[in-house]
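Subject: Structure handover

Hello,

Here is the structure for you to look through. My notes follow below it.

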Amino acid sequence: MRRKEVRMRRCKQVLAATIITSLAVGAVGCGSTGAADGDGSAVTIAHIAQLTGAAEQNGIQFQGGVEAALDELDAVELPGGIDVRVEVHDDGTEIDRAAQLLSTVTSEDVDAVFSSGWTPIATALWPLANRAETPLIAGATLGGAEHSADYFFSLLDLPGPHAAVGEHLAKPSGARRVGLVIDGDNPGFELLADPLEDGLKAKGLEGYVTTQTISTGDADYSAVLSNLAAADVDAIAAMISPGDVGNLIVQARRAPGLEDVVFATHHSVSGQVAEVAGDDAVGTTFPQSWVMTDEAAAAAYQAEHGVQPTSYFAYGHDAMWIVAVAASIAAEDGVEINGEAIRDRIPAATESDLFAEQRLVDGLTLTADGQPSITGVLATFDNDGRVVPVG
């Protein structure tokens with residue numbers, strides 16, 4: 001994987017004390033890009049962000065990537081002279097609130113919208129973005145044909161990477177009997193568990209030999225672990241929150257019959273798993289679009305933000321560059337910069353040499369119908385708790 005040093009910058013206005021939490025429209029300016037003399041074309045982006053609530057880890061990482069890209073763009077003079085303004089709105093990981101925010105910001109003529117891509121929110125937002133003719137770029141979502149409408153772009157279609165985890169569990173990990181532990185309160189996890197099972201079946205396994213359902217907030221998994229041991233599982237697919245994954249691993253390592261089970265989990269996992277499980281997390285397999293291999297940059301990010309950078313950091317970074325380059329192409333073409341102009345040029349932006357030099361997600365391109373292409377990577381935790389590529 002290509003090494004790239006990521007320079008970090010915190011926008012003063014995006015500190016916790018000033019994150020927007022009301023439904024009223026509020027702008028958080030994170031700097032401008034392009035024309036130093038201020039006479040470039042203006043581009044306004046709204047980030048409807050999951051900065052609090054169930055998906056806050058992903059939203060905070062995505063915003064961190066946006067800020068890093070803005071910092072880089074400050075040092076680049078884009079063709080056409082582009083100034084970029086980013087408004088940040090916290091939806092609290094609430095579907096109705098996100099939808100209302102999108103309706104509000106698109107009525108005020110923003111040129112593009114970002115979302116970190118929590119699946120229920122992305123599913124709710126994409127038809128609204130199409131109706132408003134404003135491009136919406138989300139991180140990881142369950143894409144597919146139903147999301148291939150005009151203005152929706154997802155940077156990762158989740159089924160493929162999760163199927164790859166299932167294939168890895170079966171071969172080369174050699175698991176033969178895989179049990180599923182899933183949070184029944186979060187419908188998004190069921191949508192991730194299914195493609196992982198498809199990967200198992202693709203390698204000749206029958207699928208999950210048992211499914212154990214927990215509730216959000218459960219802390220004692222003794223009954224679940226007893227059922228898994230009774231099913232004689234040699235691997236566990238954990239479709240639960242990152243902290244709960246770590247807790248499950250710790251308890252399983254000390255449960256009779258499960259001491260040596262192999263663990264796999266989902267794309268939204270983070271370094272929190274290793275923080276909770278310690279050395280027991282080593283070897284857990286999960287899909288990532290990107291892993292920061294620059295140790296110095298990773299350490300700098302963790303020192304400032306308290307967490308390791310994840311794929312969602314890369315999504316925010318690359319989304320910012322995609323819109324900036326698309327707007328630059330539109331400016332060079334001499335057309336008015338608006339949602340339609342940016343939307344029409346997003347595929348070309350992802351195929352440009354400039355974006356290829358700057359992107360973090362290896363091989364990322366977007367087609368005209370919003371479908372992504374990436375190289376991707378399977379990841380795990382090393383002995384220091386860092387997210388690293390498998391092998």
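Does aspartate 232 count as buried or exposed? Aspartate 232 counts as exposed, because its relative accessibility is 53% (exposed means over 50% relative accessible area, buried under 20%, partly exposed in between, with a 1.4 Å probe and protein chains only). Aspartate 232 lies in the loop between α6 (222-230) and β8 (235-239). Its phi is near 60°, a positive value in a residue other than glycine.

Some ground rules. This is a predicted model, where local features need pLDDT of at least 70, side-chain atom pairs count only at pLDDT 80 or more, and totals for chains, interfaces and linings use all residues. Residues are numbered from 1 along each chain as its sequence is written, and side-chain values use heavy atoms, with hydrogens and water left out.

Overall picture
The protein chain has 391 residues, and 58% of them are buried. Its secondary structure comes to 12 helices and 14 strands (DSSP runs numbered from the N terminus: helices are H or I, at least four residues; strands are E, at least two).

The sheet
Five strands form an open sheet, in the order β2-β1-β3-β4-β5. The pairing is parallel (two strands pair if DSSP finds at least two bridges between them). β2 (82-90) and β5 (152-157) stand at the edges with a single partner strand each, so one side of each has no neighbour in the sheet. β1 (residues 41-49) and β3 (residues 112-115) pair over 3 bridges. Alanine 46 has valine 113 in β3 as its bridge partner.

The cores
The largest nonpolar core has 71 residues (a set of buried Ala, Val, Leu, Ile, Met, Phe, Trp, Tyr and Cys residues joined through side-chain atoms within 4.5 Å). Helix α10 (residues 311-333) gives the most to this core, with 15 residues. Phe114 is one of the residues with the most contacts inside it (contact means heavy atoms within 4.5 Å). Leaving out residues up to four places away in sequence, Phe114 touches Ile45, Phe62, Ile137 and Met320, among others. Another core, of 30 residues, lies apart from the largest one. Tyr221, Ile236, Leu258 and Phe381 are among its residues.

Backbone points
Threonine 93 is in the loop between β2 and α2 (95-107). Its phi is near 55°, again positive in a residue other than glycine. Threonine 93 counts as buried, because its relative accessibility is 9%. The peptide bond from lysine 171 to proline 172 is cis, with omega near 15°. Proline 172 sits in the loop between α4 (159-170) and β6 (178-183).

Best wishes
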